[in-house]
Amino acid sequence: MSMISLTSSSSNHNSKLYFSKYELNLILSCYSFGVSIGSWKDYSINYNNQEAKFCFYKHTLVSPEYALIKYKKNKKNKFTYRLKIGEKNNKDMENIDKLITYLKRKNIKIVK
């Protein structure tokens, strides 16, 4: 008969990385802005041990136009945010506010 430890230290290795409430509010605000100007129609959120990912879709049946990814840069509790545009990794920032501002700026349409 083998015994398995159920202490908190064993569960920390399997914990998922999530967006905080503040981060999710910023992302959803940006998403709703994109929906209001007709840029995006759908989104998805995925979590695993290494990253949290929010994807912005122009159409439901295609690859995401943008993916905002939160991941740990090293073993410290420092997070980095990556904005992936299509298949390219374009921007890495340590501040989600600046990344959201950049994303909003990319999607402003000028109407003449």
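Author: Glycine 38 comes after α2 and has a positive phi, near 85°. Helices (H or I, at least four residues) are DSSP runs, numbered from the N terminus. This is a predicted model, where local features need pLDDT of at least 70, side-chain atom pairs count only at pLDDT 80 or more, and totals for chains, interfaces and linings use all residues. Residues are numbered from 1 along each chain as its sequence is written, and side-chain values use heavy atoms, with hydrogens and water left out.

Reader: Which residues of α2 are buried?
Author: Glu23, Leu26, Ile27, Cys30, Tyr31 and Gly34. Buried means under 20% relative accessible area, exposed over 50%, partly exposed in between (1.4 Å probe, protein chains only).

Reader: Where do they fall, seen down the axis of α2?
Author: Within an arc of 130°, so they line one face of the helix. The arc is taken from the directions from the helix axis to the C-beta atoms.

Reader: And what's on the face turned away?
Author: The exposed residues Lys21 and Ser36.

Reader: New topic: how many salt bridges are there in the whole structure?
Author: Four. That's a side-chain nitrogen of Lys or Arg within 4 Å of a carboxyl oxygen of Asp or Glu. One of them joins arginine 82 and aspartate 92, at 2.8 Å, N to O.

Reader: Where do those two sit?
Author: Arginine 82 is in strand β4 and aspartate 92 in strand β5 (residues 88-93), 10 residues apart. Strands are DSSP runs too (E, at least two).

Reader: Is aspartate 92 buried or partly exposed?
Author: Partly exposed, at 43% relative accessibility.
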